Amino acid sequence: MRAKRLAVITAMLATACWFAVGDPVDTNSAAGGSPVSGRPWRNSLGMEFVPIPGTNLLFGKWETRVQDYAAFVQREGRKWKESRVPQGPTHPAVNVTWDDALAFCAWLTERELKVGFLPAGCRYRLPWDLEWSLAVGLGPETGKTPFKRNGEIKGVYPWDGPFPPLTGAGNYAPVREVDTYPYTAPVGSFSTNRYGIYDLGGNVSELCLDGWLDGSFAPGPGDKTLRGGSWFHSTPWHLASSAREKVANNFDDIRIGFRVVLELPAR
Ligand SMILES: [Ca+2]
């Protein structure tokens, strides 16, 4: 099984748009030039980003894919628990912890800065809980922490319309009968939201930077924040745009993944 997984990763890397430090990099053909506020952009791994009005961010259009995370695992020689559900290279990476997601962001930032792929002052990171709310189109929330904001706004969902979701709305639990995927689905399989973002609701639940109880960023042990329903979820509570969960920094699961944002230099 392990050998099979390594073979899959190796095959994926052979086709990945990637480079080693010191390799010549054609930034224009690979990524459309430097990232600019307000414009879509594609990075060295082929991860695509879109602007979110009111922020100086480019937001990951997709959840981080198996092929993206595999590049990190391969280059850094990291361990990665085998997924218990069938997954292809463009499915969202699962079995990643909050600590793993932070490490991926730091690794990608360092490598792209080193070769000049990213301008100084840019960095990849997880979204803050309130940035995720902006991306999903939630109105103003009054709670001061993810815990306080959990379920605060009722009856608003990542799709346009009331509960339940209609066919094609996203990848939710099979009992909802809105999609044909029993587990994860390739990113980009369903409609985007108003900003051109896929799967904020459904596919995998997504890690955010915030500590669960105080909303601060504190590397290390503790409960962090998870947003969005997943292929495992079916209830109005879990599928609401304002739903959150707490998740320990070192916990992984087949329904948990992450989305990356690119922070641009201050304007
Ligand atoms: Ca999701």
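**Ground rules.** I number residues from 1 along each chain as its sequence is written. Since the model is predicted, I take local features only at pLDDT of at least 70 and side-chain atom pairs only at pLDDT 80 or more, while totals for chains, interfaces and linings use all residues.

**Confidence.** I looked up pLDDT, the predictor's confidence in each residue, from 0 to 100. Its mean for the protein is 90, and 88% of the residues reach 70 or more. Residues 6-31 have a pLDDT below 50, and beyond near neighbours in sequence this stretch has 37 contacts in the model (a contact is two C-beta atoms, placed from the backbone, within 7 Å).

**The sheet.** For elements I used DSSP runs, numbered from the N terminus: helices are H or I with at least four residues, strands are E with at least two. I followed an open sheet of four strands in the order β7-β6-β5-β8, with mixed pairing (strands pair if DSSP finds at least two bridges between them). β7 (244-248) and β8 (256-258) are the edge strands with a single partner each, so one side of each has no neighbour in the sheet. On average, neighbouring strands here are turned by 50° against each other, direction ignored (axes are lines fitted to C-alpha atoms).

Next I went through the pairs. β6 and β7 are antiparallel over five bridges, and aspartate 223 has alanine 248 in β7 as its bridge partner.

**Burial.** I call a residue buried if 20 or more other C-beta atoms lie within 10 Å of its own, exposed at 12 or fewer, and partly exposed in between, with C-beta atoms placed from the backbone. In β6, four of the five residues are buried.

**Helix α4.** I checked the length of α4 (residues 98-114): its 17 residues should span 24 Å at 1.5 Å a residue, and the end C-alpha atoms are 24 Å apart, which agrees (the expected span is 1.5 Å times one less than the number of residues). Its buried residues include Trp98, Phe104 and Cys105, and the buried set packs against elements including β5, β6, β7 and β8. Glycine 116 follows α4 with a positive phi, near 80°.

**Helix α5.** Six of the eight residues of α5 (129-136) are buried, so this helix is largely enclosed by the rest of the structure. Trp132 and Val136 are among them. Their packing partners include β5 (205-211) and β6 (223-227). Just after α5, I found glycine 137 with a positive phi of about 85°.

Technical notes:
Axes are lines fitted to C-alpha atoms, for helices over the stretch in contact, and angles run from 0 to 180 degrees between N-to-C directions.
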